[in-house]
Amino acid sequence: MSGPLVSHDYVEVRDLTVDFDGFKAIQGVDVTFLPGRLHFLIGPNGAGKTTLVDALTGLSRGTGSAEFRRKDLLGMKAHEIVHLGVGRTFQTASVFEKSSVLQNLDIAAGMHRKALGLLLPRRTVPERVEQVLETIGLAALAHRPAGILAHGQKQWLEIGMLLVQDARVMFLDETVAGMSADEREGTGELLRRIAGERTIVVIEHDMDFMRSYADFVTVMHAGKVLAEGTVSEIQAEPRVQEVYLGTVAEVGSNG
Amino acid sequence: MSITTSDAPEVHGAEPAAPEAALSPKRSFRSDLVRTYGPLLGIGVLALLLLVWAPGSLSPFRLGNLGKYCCWALAAVGIGLAWGRGGMLVMGQGVFFGLGGYAMAMHMKLEAAGPGKVPDFMQLYGNGTMPSWWEPFRSGPFTLFAIIALPAVVSFVLGYAILKRRVKGAYFAILTQALAVAFSTLLIATIKQTGGFNGLNTFTKFFGQNLYDPAVKKNIYMIAAGLLIVCLVIVWQLYRSRYGELLVATRDAEERIRFLGYDPANIKLAAFVVAAIMASIGGAMFVPIAGIISPSNVDATASIMLIAGVALGGRASLLGPAVGAIVVGYGQTTLSEQFPTQWIYFQGGLFIVVLLFLPFGITSLLPKLKELASRRRITGESAA
């Protein structure tokens with residue numbers, strides 16, 4: 001999957017609407033996720049951030065269009081979207097608890113394996129898996145069951161699983177929620193390192209984290225895009241301050 | 001979550017993590033060897049017991065009984081794969097046991113009737129004409145083919161319909177259980193074609209061999225026990241393969257598997273089909289050993305008996321299901337000799353007790369015992 005950067009390696013969402021039996025969780029959203037930058041998606045609870053990601057990864061049905069590599073993600077099944085190079089994590093870390101860290105990564109790396117090859121045991125650690133173990137800092141824990149990992153480590157493992165798949169687009173849903181300050185910093189640095197030519201979209205509540213690492217921010221509110229821009233641009237935006245009331249105003253005065 | 005974050009290697013910074021990072025991911029060669037081939041040793045011991053010790057020491061009657069348990073164990077090995085590793089509580093394996101059993105019984109019935117003749121019960125209950133779908137079972141090779149192909153096709157179609165609709169958990173269990181009920185009801189209702197409630201019995205020959213010859217009986221036992229060992233080796237290979245890892249991962253977090261680009265239905269379907277084929281082989285070997293196959297061998301109760309053995313032995317372990325099925329089979333024989341009508345309550349009670357107190361079966365006691373022993377050793381050392 002690791003091809004050169006082609007001009008279609010970005011996600012272009014146009015007029016996306018997700019309708020849950022008459023309730024429009026998302027309405028007419030236009031947003032473009034470009035590679036090479038940490039794109040943060042923020043907004044109060046119920047703004048539609050996770051719903052947006054759900055629609056782009058095949059978990060919910062949406063109308064409109066979401067083009068990536070000349071294909072519309074909206075009509076595709078979840079596993080087809082993954083094969084196209086779009087991966088995601090979930091708010092609650094969901095790794096395979098009984099399987100080892102290595103097995104977790106190996107399973108993720110196996111997406112393109114032929115069915116018959118699956119009948120053989122893994123003899124060596126694939127090079128890509130080895131690299132990713134180093135990148136996410138879990139090499140020492142490779143043979144431990146993923147269930148014993150600390151919360152932050154599970155989130156890194158999930159990111160690692162997207163890395164071994166060489167996902168070109170990663171949607172990370174509240175990755176740093178519940179992490180310690182050190183873990184947050186570690187996560188931020190990890191995301192910086194892997195961003196490269198990838199498209200990384202981070203859904204976040206944590207304003208400090210956003211301020212430290214965001215290259216670009218999209219603010220959502222009540223199912224619509226409220227504002228877009230760099231951190232300082234959106235902090236200066238009165239409508240954003242209004243939605244966030246104290247929160248952003250405080251961040252603004254600090255920053 | 002026993003590990004605190006301070007133990008974790010820091011993710012940021014490019015400095016290579018201390019020496020332990022270089023050492024600990026490589027487990028010792030010996031422990032790898034034990035992990036990989038230890039189970040094979042277990043299969044070897046079981047093979048010695050079943051193929052060498054038993055034929056030399058047991059009376060023909062007891063050996064025949066053990067043969068029956070081996071047939072149930074064949075189905076149980078498949079259940080271990082589908083339920084223990086795949087998370088599908090297959091409550092209707094009697095259906096597949098029956099497909100193989102009836103295929104074999106039809107062939108043996110036609111063999112007993114002789115070339116061009118019609119099975120006796122068709123003259124008794126019907127007008128003496130044989131349904132056309134019986135005809136191919138005159139051929140031995142066709143019958144052997146059908147014993148594999150029939151359950152494979154049926155389980156594929158059923159499994160595809162059930163698993164693609166993402167039916168799981170209790171709904172899956174109830175659905176498969178209902179299939180077993182429907183299958184046995186269908187058999188009972190079609191007395192003219194399948195022998196109905198009485199099933200198919202009074203065979204004389206097994207692929208040309210005289211069924212009353214003790215040497216032939218012993219050979220049939222050896223085939224059944226040998227097939228059990230072969231299936232255990234197949235399952236051992238599946239468990240250590242990447243497919244086995246994938247199946248366990250699907251059992252534990254199906255949605256995650258979907259978002260890693262796999263279709264979990266396909267992964268589970270493969271295990272379901274393999275389990276069905278193993279049950280069918282068990283059913284097919286059951287017929288020449290028991291001398292009968294009837295709806296009571298394939299109905300919901302029979303299916304639950306298979307499950308009870310697997311639960312007792314330990315559904316996710318390699319040998320647990322087979323050993324559990326043999327133990328439950330033995331228990332059924334001995335207890336039902338003394339309490340013919342109460343056996344079924346013993347069986348139900350056993351199932352409940354095991355699932356309540358030993359959800360991973362007797363084999364799950366082994367690691368616990370080991371742990372206990374090593375703990376005692378450690379406390380002993382520290383005391384000394």
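Start in chain A: select A:Asp21, which sits in the loop between β1 (11-20) and β2 (23-33). Keep in mind as you look that this model is predicted. The phi angle of A:Asp21 is near 45°, a positive value in a residue other than glycine. Is A:Asp21 buried or exposed? A:Asp21 is exposed, because 4 other C-beta atoms lie within 10 Å, and 12 or fewer counts as exposed.

Now hop to chain B and select B:Thr202, in the loop between β1 (200-201) and β2 (205-206). Here too phi is positive in a residue other than glycine, with a value near 50°. B:Thr202 has 12 other C-beta atoms within 10 Å, so B:Thr202 is exposed.

Next, head for the largest nonpolar core, which has 182 residues. Select B:Ala73 and B:Ala275, the residues with the most contacts inside this core. Then show helix α12 of chain B (residues 264-290), which gives the most to the core, with 19 residues. Back at B:Ala73, look beyond the neighbours within four places in sequence: you will find contacts with B:Leu228, B:Ala322, B:Ala325 and B:Ile326.

For the last stop, select helices α14 (residues 300-313) and α16 (residues 343-357) of chain B. Their axes are 9 Å apart and meet at an angle of about 40°, which means that α14(B) is oblique to α16(B). Their crossing is left-handed. Among the residues making the contact are B:Ile304 and B:Met305 of α14(B), and B:Leu350 and B:Phe351 of α16(B). By class, this contact has 10 nonpolar, two polar and no charged residues.

Conventions
Residues numbered from 1 in each chain as written. Chains lettered and ligands numbered in written order. Predicted model: local features only at pLDDT ≥ 70, side-chain atom pairs only at ≥ 80, totals over all residues. Axes fitted to C-alpha atoms, helices over the stretch in contact; angles between N-to-C directions. Helix = DSSP H or I, 4+ residues; strand = E, 2+ residues; numbered from the N terminus. Parallel < 35°, antiparallel > 145°, perpendicular 65-115°, else oblique. Left-handed = near helix turned anticlockwise from the far one by under 90°. Contact = placed C-beta atoms within 7 Å. Nonpolar A, V, L, I, M, F, W, Y, C, P; charged D, E, K, R; others polar. Core = buried A, V, L, I, M, F, W, Y, C linked by C-beta atoms within 7 Å. Buried ≥ 20, exposed ≤ 12 C-beta atoms within 10 Å, placed from the backbone.
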